[in-house]
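Try each task before reading its solution.

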Amino acid sequence: MTAPPFTTRQLEKGDYDQIVRIIDKWWGGPTSALAHPLFFYELGELARVVVHEGALVGFLFGFIAPAGPTGYVHLVGIDPEFRRRNVGTRLYASFEEACRLAGCSRLKAITTLANDGSVHFHEALGWTAEEHGDYAGPGRARLVFTKAIAADASEGRR
Ligand SMILES: CC(C)(COP(=O)(O)OP(=O)(O)OC[C@H]1O[C@@H](n2cnc3c(N)ncnc32)[C@H](O)[C@@H]1OP(=O)(O)O)[C@@H](O)C(=O)NCCC(=O)NCCS
């Protein structure tokens, strides 16, 4: 029997409402402040969710920063029951494609030094990690992930 599909689509208000309720559980600690409404209302055009059998199993808040322009992944979370099933890969692929079509040449994200899962995930997807000692202020080091992406080749032919 074929496994039920995973669907990737734009993040909607009902998804946002659910994310703020479950995010602390999915991340294993207080994280809901990072899901600021700004990332849905003002910067949510490229935000994505993955749905499986009607249930939200992963989300990505991301937007295009003007410098570059750069596709910036602000926050990602996958239901712990659905990790290592390519849900994060789907979200990143969808976001990367939207950024590429919008003319971005690079992607960026950050995480704390202790987040080994995030490091392995980004490296598996072809991102590069670099440690910045004072990135988030004195004594607040961060890993900065970047990935170069090819511009949309069809642009020049239009
Ligand atoms: C990090 C996270 C987003 C990964 O999502 P995911 O859906 O489990 O990732 P995928 O299944 O798409 O993984 C793709 C590849 O990344 C690597 N990878 C992902 N998570 C990993 C982990 N915890 N340890 C080692 N490698 C990992 C693997 O190579 C994996 O391929 P494989 O399963 O075939 O070996 C998810 O674990 C999560 O939500 N973590 C908590 C929140 C968080 O840290 N967010 C990111 C902060 S920047």
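This is a predicted model: local features need pLDDT of at least 70, side-chain atom pairs count only at pLDDT 80 or more; totals for chains, interfaces and linings use all residues.

**Exercise 1. Work out whether the radius of gyration of the chain agrees with that of a compact globule.**

Solution. First, take the expectation: for 158 residues, a compact globule would have a radius of gyration near 15 Å. Then take the value for the chain, 16 Å, which agrees with that expectation. For the dimensions, the C-alpha trace spans about 50 × 40 × 30 Å along its principal axes. Now look inside: 23% of the 158 residues are buried. Finally, turn to contacts between residues at least 6 apart in sequence; 59% of these join residues at least 24 apart.

**Exercise 2. Find the residues around the ligand and the elements they come from.**

Solution. Begin with the count: the ligand is surrounded by 19 residues, and the closest are Gly-88, Thr-89, Gly-117, His-120 and Ala-124. Two or more residues of this shell come from each of β4 (70–78), α3 (87–101), β5 (106–111) and α4 (116–124). The largest share, 5 residues, belongs to α4.

**Exercise 3. Sort the shell around the ligand by residue class.**

Solution. Go class by class: 9 residues of the shell are polar, 7 are nonpolar and 3 are charged.

Definitions and conventions
Residues are numbered from 1 along each chain as its sequence is written. A residue is near a molecule or strand if its C-beta atom, placed from the backbone, lies within 6 Å of it. Helices (H or I, at least four residues) and strands (E, at least two) are DSSP runs, numbered from the N terminus. Ala, Val, Leu, Ile, Met, Phe, Trp, Tyr, Cys and Pro count as nonpolar, Asp, Glu, Lys and Arg as charged, and the others, Gly among them, as polar. The radius of gyration is taken over C-alpha atoms; the globule rule is 2.2 Å times the number of residues to the power 0.38. A residue is buried if 20 or more other C-beta atoms lie within 10 Å of its own, exposed if 12 or fewer, and partly exposed in between; C-beta atoms are placed from the backbone. Two residues are in contact if their C-beta atoms, placed from the backbone, lie within 7 Å.
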